[in-house]
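Dear colleague,

Here is the structure I promised to hand over to you. Please open it beside this email, and then read on for what was found in it.

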Amino acid sequence: MRWVAPTEKDEANHQLEKRLWDAADQFRANSGLKAGEYSGPVLGLIFLRFAEARFAKRRAELEKAGASPRRGSSRIDDPKAYQAEGVLFLTPNSRFDYLLQRPEGSNVGRAVNEAMADIEKHNPQLAGVLPRNYQIFKGTLLKELLKKVSEIPVSLDYDAFGRIYEYFLGQFARTEGQKGGEYYTPAPIVRLMVEILEPFHGRILDPACGSGGMFVQSARFVAEHKKNPSSELSIFGVEKTDETGRLCRMNLAVHGLEGDIRHGGEVNSYYDDPHKAVGGFDFALANPPFNVNAVDKDRLKDAVGPGRRFPFGLPRTDNANYLWIQLFYSSLNDKGRAAFVMANSASDARASELEIRKQLIQSRAVDAVVAVGPNMFYTVTLPCTLWFLDRGKKKTPRADQVLFVDARHINRQIDRAHRDWTEAQVSFLANLVRIFRDEDPDFTLGGDEAKAKLAEVFGKKPKYADVAGLCKAATLKETEAQAWSLNPGRYVGIAPGEEGTDEDFKESLEALNEELEGLNEKARELERKVAANVAELLNS
């Protein structure tokens with residue numbers, strides 16, 4: 001199915017983002033720093049602008065509630081009165097406006113450093129997180145950046161501030177190339193993962209949490225369904241890179257969230273289990289690094305076997321994809337769900353990886369697999385696959401089915417090199433999975449456009465059915481016949497009247513080659529048996 005949405009932009013917000021980004025880029029050009037060096041300080045100032053906006057709103061609420069210099073002024077200046085509402089407490093010297101008003105001749109860098117230290121002092125969850133290297137920049141340059149960041153209107157709602165923060169994360173990811181991709185997954189991809197995961201309430205784990213986008217989108221999902229994310233979700237993350245782990249904690253704080261994020265030092269999700277994850281989580285989601293090699297498997301041998309971190313065994317190949325896949329599976333409780341990004345190659349991997357995939361499918365935990373087209377990520381052009389696990393599926397009527405969705409031809413072109421999904425497209429794909437699960441559609445996201453598209457494809461009272469070129473609910477027998485492949489292209493096919501793309505041809509060629517390999521192996525086995533029988537006859 002093809003659905004290419006027209007490019008649309010919120011022009012006012014786009015112009016604001018562009019002005020801010022141009023200022024940040026000017027910062028880089030005039031300071032001689034690389035993106036990895038100036039991204040932290042810039043994000044720190046955006047963080048501070050947002051923190052002050054939320055602080056001011058909460059302070060006004062406390063004042064309205066009756067606090068005054070004579071009656072309960074300590075309430076206005078009590079950090080707990082802010083922190084109870086997920087708002088950071090800011091002393092006068094750590095507020096954005098105070099820094100903005102520093103005279104030209106003063107040491108602005110030192111003032112910003114002191115403000116960041118003060119915020120950490122009064123908000124312990126941010127201890128050691130905020131950047132404090134502003135003195136390396138010239139006062140005039142830093143002053144100009146403060147002025148540009150001050151252009152973010154304080155009237156912007158919570159979500160809009162979050163979008164600007166995410167926009168900067170994305171822009172830095174583009175600028176930094178592959179390194180940036182380690183900490184940023186485009187919001188529409190995460191949005192679809194969260195919509196299908198449906199993390200309404202419970203413990204949520206991201207063992208490769210990057211800048212925390214998965215947590216933020218999960219919280220947004222909860223908020224959009226009229227509940228308080230802070231009371232509904234318990235957040236746990238692991239991030240190998242210390243700098244990126246600090247970004248995650250800043251991102252959580254920007255959105256009024258807290259979590260137990262373990263980062264830096266020697267922490268590594270392959271070898272370490274800081275959250276004692278086995279069977280302990282309602283939800284797991286991540287975009288783990290693909291095709292990592294050189295993992296020391298000797299260090300993992302005690303974590304192999306039923307009820308452990310790697311229940312289906314270690315792959316013989318030097319590739320960590322099937323280590324990650326098992327970490328997601330083993331972290332879930334009996335009703336837990338997982339969503340993760342995975343390299344396309346994992347769907348058809350052979351040998352020991354095939355054996356692990358077979359066990360995973362036979363456990364009845366694989367719920368859905370979605371094929372994603374190219375150019376959806378800032379730092380890689382290759383297509384990828386989204387996997388969805390559900391440990392509770394084995395007790396449902398769909399226990400022996402896996403839903404395959406081909407979303408490679410659903411997109412919106414946002415510039416020459418990049419694509420994304422509109423909210424309506426995300427909602428349509430998520431609701432496709434919901435009707436497969438026999439759940440009611442949810443149009444909180446996507447609204448009437450998504451509703452109309454679902455009705456167009458599945459009827460006015462949407463009921464799941466296989467649609468050539470879009471989706472196929474395959475039985476375990478059908479997946480076995482395809483060598484336990486989890487490649488949607490093998491099952492979904494091409495819609496009538498549509499021409500196959502180069503990618504479709506590649507999928508078909510791979511499937512035929514896979515079938516040929518299987519037939520050749522059977523022929524070789526038959527040849528060996530015949531030769532053995534002939535030898536036995538001749539020797540008798």
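**What was found**

Lys226 is exposed, with a relative accessible area of 75%, where exposed means over 50%, buried means under 20% and partly exposed lies in between, using a 1.4 Å probe and protein chains only. Lys226 sits in the loop between helix H11 (213-224) and helix H12 (229-232), and helices (H or I, at least four residues) and strands (E, at least two) are DSSP runs numbered from the N terminus. The phi of Lys226 is near 65°, a positive value in a residue other than glycine. Most residues other than glycine have a negative phi.

Before going further, please keep in mind that this is a predicted model, in which local features need pLDDT of at least 70 and side-chain atom pairs count only at pLDDT 80 or more, while totals for chains, interfaces and linings use all residues. Residues are numbered from 1 along each chain as its sequence is written, and side-chain values use heavy atoms, with hydrogens and water left out.

Arg364 also has a positive phi, of about 65°, although it is not a glycine. Its place is in the loop between H16 and E7, and Arg364 is partly exposed, with a relative accessible area of 28%.

**Helix H16**

Ser352, Glu353, Leu354, Ile356, Arg357, Leu360 and Ile361 are the buried residues of H16. They pack against helix H14 (321-331), helix H15 (345-348), strand E7 (366-372), strand E8 (384-390) and helix H19 (476-481), where contact means heavy atoms within 4.5 Å.

Nine strands form an open sheet of mixed pairing, in the order E4-E3-E2-E5-E6-E8-E7-E9-E12, and two strands pair if DSSP finds at least two bridges between them. At its edges are strand E4 (260-263) and strand E12 (471-475), each of which pairs on one side only. Inside this sheet, strand E6 (residues 332-342) and E8 run antiparallel and are joined by six bridges, and the bridge partner of Ala339 in E8 is Phe388. H10 packs on the sheet, touching strand E5 (281-286), E6, E7 and E8, and its direction makes about 160° with that of E6; here axes are lines fitted to C-alpha atoms, for helices over the stretch in contact, and angles run from 0 to 180 degrees between N-to-C directions.

Which residues does Met193 touch? Met193 lies in helix H10 (residues 187-197) and is buried, with a relative accessible area of 0%. Not counting residues up to four places away in sequence, Met193 touches Met214, Ala286, Ala339, Phe340, Val341, Leu386 and Phe388.

Another open sheet, also with mixed pairing, has three strands in the order E1-E10-E11. Strand E1 (3-5) and strand E11 (419-420) stand at its edges with a single partner strand each, so one side of each is left without a neighbour in the sheet. Strand E10 (residues 410-413) and E11 run antiparallel and are joined by two bridges, and Arg412 stands opposite Asp420 in E11.

**Cores and cysteines**

The largest nonpolar core has 55 residues, and those with the most contacts inside it are Leu386 and Trp421; such a core is a set of buried Ala, Val, Leu, Ile, Met, Phe, Trp, Tyr and Cys residues joined through side-chain atoms within 4.5 Å. Its largest share, nine residues, comes from helix H17 (residues 423-436). A second, separate core of 53 residues includes Leu20, Leu45, Leu62 and Leu130.

Finally, the structure holds zero disulfides, a disulfide being a pair of cysteine sulfur atoms within 2.5 Å. Cys209 is in no disulfide, and the nearest cysteine sulfur, that of Cys248, is 4.0 Å away. Cys209 counts as buried at 5% relative accessibility, and Cys248 counts as buried at 0%.

With best wishes
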